[in-house]
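Hi,

Here's the structure I said I'd pass on. Have a look at it first, then read my notes below.

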Amino acid sequence: MVSPSAAEGSAELSSREKEQVGRLRAFVTAHGGPATAVIGYLGRSGARIVVVAGDGAFGDAIVSGIEAGAAVCEHAGIPVADGWDRELSAQITPSPADRQRMAGTGR
């Protein structure tokens with residue numbers, strides 16, 4: 001898990017990142033149960049937060065960087081995992097639409 005100090009050292013959240021806090025909270029509420037996030041570095045683009053909800057649904061958000069991602073997750077009340085492990089990956093249940101997109105059909 002990312003330590004709380006990683007988020008404490010970050011700057012104030014931008015308005016876009018504050019929107020992501022609300023969006024991720026709503027996602028977790030809609031899908032029930034505990035959720036876990038993984039934050040991945042995207043280079044100059046920032047970072048991607050992937051949230052796996054209690055029912056296996058997953059959603060994501062793009063933020064300005066890893067520290068901002070940790071702060072967004074902290075504000076949303078979502079614990080952050082150190083990375084993808086077998087257990088977390090196994091919780092994801094892709095929808096048929098997700099499977100089509102991942103297959104590269106473009107539909």
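**Strands and helices**

Gly40 has Arg48 as its bridge partner in β2. That pair is a handy way into the model, which is a predicted one, so keep that in mind as you go through.

Staying with those strands: β1 covers residues 36–41 and β2 covers residues 47–52. They run antiparallel and are joined by six bridges. You'll also find Val38 standing opposite Val50 of β2. The hairpin of β1 and β2 has five residues between the strands, and Gly43 in this hairpin takes a positive phi near 85 degrees.

Now zoom out to the sheet. It is an open one made of three strands, in the order β1-β2-β3, with antiparallel pairing. β1 and β3 (58–63) are the edge strands, each pairing on one side only. On average, and ignoring direction, neighbouring strands of the sheet are turned by 20 degrees against each other.

Which strands does helix α3 touch? Helix α3, residues 66–76, packs on the sheet and touches β1, β2 and β3. Its direction makes about 165 degrees with that of β1.

Then there's helix α2, made of residues 15–31, which lies across β2 and β3. Relative to β3, helix α2 runs at about 175 degrees.

Over to you!

Note on methods. Residues are numbered from 1 along each chain as its sequence is written. This is a predicted model: local features need pLDDT of at least 70, side-chain atom pairs count only at pLDDT 80 or more; totals for chains, interfaces and linings use all residues. Side-chain values use heavy atoms; hydrogens and water are left out. Two strands pair if DSSP finds at least two bridges between them. Helices (H or I, at least four residues) and strands (E, at least two) are DSSP runs, numbered from the N terminus. Axes are lines fitted to C-alpha atoms, for helices over the stretch in contact, and angles run from 0 to 180 degrees between N-to-C directions. Contact means heavy atoms within 4.5 Å.
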